[in-house]
Amino acid sequence: MRILFVAAEAAPVAKVGGMGDVVGALPKVLRQMGHDVRIFLPYYGFLPDKMEIPKEPVWKGYAMFQDFAVYESVLPGTDVPLYLFGHPAFTPRRIYAGEDEDWRFTLFSNGAAEFCWNYWKPEIVHCHDWHTGMLPVWLNQSPDITTVFTIHNLAYQGPWRWYLEKITWCPWYMQGHNTMAAAVQFANKVNTVSPTYAEQIKTPAYGELIEGLLSFISGKLSGIINGIDTEIYNPANDKYIAQTFTTETLDQRKINKIALQEEVGLEVNSKAFLIGMVTRLVEQKGLDLVLQILDRFMAYTDAQFVLLGTGDRYYETQMWQLASRYPGRMATYLLYNDALSRRIYAGTDAFLMPSRFEPCGISQMMALRYGSVPIVRRTGGLVDTVSHYDPENEAGTGYCFDRYEPLDLFTCMIRAWEGFRFKPQWQELQKRGMNQDFSWYRSAQQYDNLYRSIYGLPPREEEPTSEPKLILTEANEKS
Ligand SMILES: Nc1ncnc2c1ncn2[C@@H]1O[C@H](COP(=O)(O)OP(=O)(O)O[C@H]2O[C@H](CO)[C@@H](O)[C@H](O)[C@H]2O)[C@@H](O)[C@H]1O
């Protein structure tokens, strides 16, 4: 099938969070499965620093009273054709956070629709998040193009209808009070990035005010767990970490811990329990919980803590100030740095992710792959990817808690800190995590079946072993 991915991010050239990982990895695997997948991305001002882009555009178009040009390149490290939407609105060296955000991404979507109608006609347009939410509405009038809309983050729903009506074409048949709601109504298939979250968003606690709509369209709504790029993120040959390792050579992993402690200015001590966090610093990621207990945790234990993240100024300053109270034991890096993130996954003993909600979560899968034991709140995709440690039966891959309460997080962290003292059991726990299969192949198979279902084709046979593991606890079934 001919499939066009339209998104605001694509790793490795334009990534802020997990959506970039998905758009950067999934097309590659789908192409290996025989689909002609291409990506449509804004031509951000920083892209020429990161890849080769021809000077001449392959096509010029017109949308929302604006001229634009489309340049063709290839996503670095892959064979995936990449079309770049060139317009001065994207020249600034940033992906998000501008006053013109609603306008410029609506223009981008409109440009993508024109591109499909006039230059390269796909059978399926696979849209990601609100930035591309108008595409299913516009393409609804083209019966030979179908749409899939993937929700990575329901919290951001794009501009309101009244604003869209001012800036662009809202066809007579359009429904939905904002871009996300319109996309959910008009896409042929809607999916989110884990089975648990797909259920949760039909409830008021997680539905971000469109739970009624999501319940209404539940017949076309599904959950497909993300993968990670296991070729790029591989502790056995990662050139960004001090010492490569596998489950067989886990003892060597402590070289990474020492190197990380040196790099981020922590006291060098391979015996200290080192917790890491790599995250966007936003409410979703549970930072308010962390701020309520971290001071006490640091005071009560001898643990060390390293944070890498950017985001809300409030969380940045609070974490920074906390770090200044624990010199040599806590380090805060307020920046975006892929190489350092890998060294944190490879060098920490545990990885903290107490999310308020989590559509899937890529970081905990990276942590598992690099042998850092996740401490997570059981919500969304964290339910589907991390199972609670059961020492009696030597089962489970991390430490989990259910309620979004500071005391529950504190208790969970203390349990992990205690568990770390039992070295042989801890190593087994790490190995179980590292042996989990989070490759994209399993998820790509499910996307393939989703595409096939649009055309009434039967699903392809799946390997029985490749089924994602869905672990539902009583507490989660209730939430
Ligand atoms: N400062 C920093 N430096 C370097 N790397 C950093 C970084 N901050 C974050 N990252 C990286 O960004 C990615 C974060 O991905 P997540 O899926 O965990 O969260 P995110 O909320 O961004 O994604 C949203 O979309 C994805 C994709 O569908 C869903 O999994 C998720 O639940 C949803 O919230 C990881 O690869 C992480 O290493």
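Close-up 1. A polar backbone atom of Ile 362 is 2.9 Å from an oxygen atom of the ligand. For Ser 363, an N or O atom in the side chain is 3.0 Å from a ligand oxygen atom. The protein covers 98% of the 720 Å² of accessible area that the ligand has on its own (Shrake-Rupley method, 1.4 Å probe). This is a predicted model, in which local features need pLDDT of at least 70 and side-chain atom pairs count only at pLDDT 80 or more, while totals for chains, interfaces and linings use all residues. Residues are numbered from 1 along each chain as its sequence is written, and side-chain values use heavy atoms, with hydrogens and water left out.

**Close-up 2. The shell around the ligand.** Of the 30 residues around the ligand, His 152, Arg 280, Tyr 345, Glu 358 and Gly 361 come nearest (a residue is near if one of its heavy atoms lies within 4 Å). By class, the shell has 13 nonpolar, eleven polar and six charged residues; Ala, Val, Leu, Ile, Met, Phe, Trp, Tyr, Cys and Pro count as nonpolar, Asp, Glu, Lys and Arg as charged, and the others, Gly among them, as polar. With four residues, α1 gives the most to this shell (helices are DSSP runs of H or I of at least four residues and strands are runs of E of at least two, numbered from the N terminus).

**Close-up 3. Helices α9 and α12.** The axes of α9 (residues 254-264) and α12 come within 8 Å and cross at roughly 130° (lines fitted to C-alpha atoms over the stretch in contact, with angles from 0 to 180 degrees between N-to-C directions). This angle makes α9 oblique to α12 (angles under 35 degrees count as roughly parallel, over 145 as roughly antiparallel, 65 to 115 as roughly perpendicular and the rest as oblique).

**Close-up 4. Two backbone features in loops.** The peptide bond from Ala 11 to Pro 12 is cis, with omega near 5°. Pro 12 lies in the loop between β1 (2-6) and α1. Leu 209, in the loop between α7 (195-200) and α8 (211-216), has phi near 75°, a positive value in a residue other than glycine.

Definitions and conventions:
A polar contact is a pair of N or O atoms within 3.5 Å; within protein, one must be able to donate a hydrogen and the other to accept it, and residues adjacent in sequence count only if both atoms are side-chain atoms.
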